[in-house]
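Me: I would like to learn how to read a protein model, one feature at a time. Could you take me through this one?

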Amino acid sequence: MYGPDDVANVVWQRCLDLMANHLLLIYKATLRIGTYYDPWRESIMVMLRKPGKANYELPKAHCPIVLLSTIAEVLTMLVTEDISRLVECHQLLPKTHFGECPGRTTTYAVHYLTQRIKGAWQKGNVASILFLDVERAFPNIVTDRLIHNLKKRRIPAVYMDFIKQLLTRRHTRLKFNDFISESINILNAIGQGDPLSMILYIIYNADLLEITGDKENKNSLGYVDDIAPVAVGKDVKETNRRLRHMMTKEDGRLQWSKDHNSRFEATKSVVLHASWKNANRHGQPREMDSP
């Protein structure tokens with residue numbers, strides 16, 4: 001049997017030529033007037049089980065995916081594509097933010113981190129990396145802070161107004177298997193599954209990568225909500241001090257966490273100390289410090 005989504009896809013495929021000009025007028029008017037059609041604010045949030053979890057009665061064992069109006073989703077896809085192009089063309093984000101950026105993949109992130117470690121080794125130094133994960137990243141986004149960060153990154157006003165309209169007066173229904181809840185108001189958050197969610201989040205947390213202080217010995221890389229500050233020093237004691245300073249200073253990462261309603265998940269935080277203690281006759285590393 002065909003479901004509603006299958007029917008909608010067939011309609012789009014068969015009738016696109018007839019609908020395109022009408023949709024273009026609607027989309028242009030939406031952006032020009034700075035409004036948003038109220039029925040588009042309604043969504044269904046499907047709670048999908050994460051594989052391999054021991055207890056599915058815990059909220060963390062599920063991943064919420066938002067299902068939007070198809071017509072609204074096409075508009076957000078177009079806006080997402082243009083914002084992504086502007087971000088890349090004008091270099092509005094740190095170069096070490098690899099998630100959801102054209103031409104920047106996980107492979108590039110690994111190569112960059114490897115280069116940083118080997119660069120430290122060549123000077124006889126230690127490189128320490130603190131791996132951080134933001135707990136419930138997308139649901140905890142604060143709309144006003146997001147708009148502030150969009151303005152800071154010089155996103156055009158027409159898109160800031162659109163995103164503000166998109167994220168206000170929303171409501172959703174939670175879906176578990178055959179159960180659908182009553183309508184729930186959404187005050188904050190970006191819906192996972194919304195085409196805009198990824199690019200908006202990396203703009204939201206871009207400041208995290210710029211909290212360094214010492215460009216020579218400190219740097220960070222990020223992949224969506226995963227952040228890895230890197231500190232270089234003559235020994236582990238020095239790199240630990242540098243990492244601690246990046247976290248606890250007045251405008252450090254803990255302050256960012258508080259301002260952005262984004263708590264770091266302690267159980268997923270790991271420190272890796274990489275040092276070249278000794279080398280064999282072939283010049284290859286033989287021992288790595290334990291985290």
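Me: Which residue lies over the face of Tyr56?

Reply: The general idea is to look for the charged end of a Lys or Arg side chain within 6 Å of a ring centre and close to the ring normal, within 35 degrees. Here, Arg49 sits over the face of Tyr56, 4.6 Å from the centre of the ring. Keep in mind that this is a predicted model.

Me: How many aromatic pairs does the structure hold?

Reply: There are eight aromatic pairs. To read one, take the distance between the ring centres and then the angle between the planes; an angle over 60 degrees counts as edge-to-face. Tyr37 and Trp40 have ring centres 5.7 Å apart and planes at 90°, so this pair is edge-to-face. Trp40 has a relative accessible area of 9%, so it is buried.

Me: What kind of pair do Phe138 and Tyr201 make?

Reply: Their ring centres are 5.2 Å apart and their planes are at 35°, so the pair is tilted. Next, ask where the two partners lie. Phe138 is in the loop between S3 and helix H4, while Tyr201 is in helix H6, so the pair ties together parts that are 63 residues apart in sequence.

Me: Are Phe138 and Tyr201 buried or exposed?

Reply: The step needed here is a cut-off: buried means under 20% relative accessible area. Phe138 has 7%, so it is buried. Tyr201 is at 0%, so it counts as buried too.

Me: Which residues do ring pairs link into a cluster?

Reply: Phe138 and Tyr201 are joined there by Tyr204, Trp256 and Phe264.

Me: How many salt bridges does a search of the whole structure find?

Reply: The search finds ten. For each one, read the distance from nitrogen to oxygen, then the positions of the partners along the chain. The side chains of Arg85 and Asp82 form one, at 2.6 Å from N to O. These two residues are three apart in helix H2, so about one helical turn separates them. Arg85 has a relative accessible area of 46%, so it is partly exposed.

Me: Where do the partners lie in the salt bridge between Lys152 and Asp207?

Reply: The side chains of Lys152 and Asp207 meet at 3.1 Å, N to O. Lys152 belongs to helix H4 and Asp207 to helix H7, 55 residues apart, and the pair links these distant parts of the chain. Lys152 is partly exposed, at 46% relative accessible area, whereas Asp207 is buried, at 14%. A salt bridge can also be part of a network: Lys152, Arg153, Asp207 and Glu210 are linked in one.

Me: What is the N to O distance between Lys268 and Glu265?

Reply: It is 3.9 Å, and the two side chains meet in a salt bridge. Lys268 is partly exposed, with a relative accessible area of 47%. Glu265, at 12%, counts as buried.

Me: How many bridges join strand S3 to S8?

Reply: Strands are read by their partners and their direction. Six bridges join S3, residues 126-133, to S8, and the two strands run antiparallel.

How values were computed: Residues are numbered from 1 along each chain as its sequence is written. This is a predicted model: local features need pLDDT of at least 70, side-chain atom pairs count only at pLDDT 80 or more; totals for chains, interfaces and linings use all residues. Side-chain values use heavy atoms; hydrogens and water are left out. Two strands pair if DSSP finds at least two bridges between them. Helices (H or I, at least four residues) and strands (E, at least two) are DSSP runs, numbered from the N terminus. Rings of Phe, Tyr and Trp (its six-membered ring) pair if their centres lie within 6.5 Å; planes under 30 degrees apart count as stacked, over 60 as edge-to-face and the rest as tilted. Buried means under 20% relative accessible area, exposed over 50%, partly exposed in between (1.4 Å probe, protein chains only). A salt bridge is a side-chain nitrogen of Lys or Arg within 4 Å of a carboxyl oxygen of Asp or Glu.
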